[in-house]
Amino acid sequence: PNIAAQEKKMRVCDVCGAFLVVNDTDKRTASHLDGKQHQGYALIRKTLDDYNKKKEEERAKKRPGEKDPAPSSADRDKEKEKDKDRERERDRERERERDKDRDLHRDRDRDRNRDRERDRDRDRDRDRERDRDYGKSSKERDRYRERERMRDYHSPRDHDRPRQSKRSRSPRRTDDRDRESSKRYRY
């Protein structure tokens, strides 16, 4: 007899959900009952039953003769009110954060405007000074210019960095120019 061709009747284990062959040998059935999967599920089911019994006893002690009623409308109203209070508190917190950000930006803008105004005043003072010196002799103007240069020279900037020339020339261009000039003077 071909075993594959025969259809085996199967059943599901009530404890662990495994498929078992109906009318299987006692040895195989005992092996399944002693297996880790079956034992684990049996332990879980027992623990769950104990827990449910304990909860049921606690409910019976709280309200003897009564089942757990659904929450009353007053309880629901209290919960809704608590939710609204939480939401209001969150909104207040968000508003405080926005105010902090707004204040920070306002301070930054105020400082920036103060700096611009100070620079404008300094430029205006220099212009007035130049206008006043316009009628002076060339010696006086030269002395004034020298003072201006010295003030600019001593102003805070990075003195360690070498000054770069205003125009830079690439080495290749100079070489090209040298080649051109040497071509012209060949004999």
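Student: Is R94 buried, partly exposed or exposed, and what is the relative accessible area?

Tutor: R94 is partly exposed, at a relative accessible area of 41%. The classes are buried under 20%, exposed over 50%, partly exposed in between (1.4 Å probe, protein chains only).

Student: What should I know about the model and numbering?

Tutor: It is a predicted model: local features need pLDDT of at least 70, side-chain atom pairs count only at pLDDT 80 or more, and totals for chains, interfaces and linings use all residues. Residues are numbered from 1 along each chain as its sequence is written, and side-chain values use heavy atoms, leaving out hydrogens and water.

Student: Which residue meets R94 in a salt bridge?

Tutor: D91, at 2.7 Å, N to O. A salt bridge here is a side-chain nitrogen of Lys or Arg within 4 Å of a carboxyl oxygen of Asp or Glu.

Student: Where do D91 and R94 sit?

Tutor: In helix 3, three residues apart, so about one helical turn separates them. Helices are DSSP runs (H or I, at least four residues), numbered from the N terminus. D91 is partly exposed, at 38%.

Student: What about R88 and D85?

Tutor: Their side chains form a salt bridge at 2.6 Å, N to O. They are also three residues apart in helix 3, which covers residues 73-133. R88 has a relative accessible area of 39%, and D85 is at 39%.

Student: Which residue pairs with E95?

Tutor: R98, at 2.7 Å, N to O. Both lie in helix 3, about one turn apart.

Student: Which residues are joined into one network?

Tutor: E89, R92, E93 and R96, through salt bridges that share partners.

Student: How many salt bridges are in the whole structure?

Tutor: The search finds 21.

Conventions
Helices (H or I, at least four residues) and strands (E, at least two) are DSSP runs, numbered from the N terminus.
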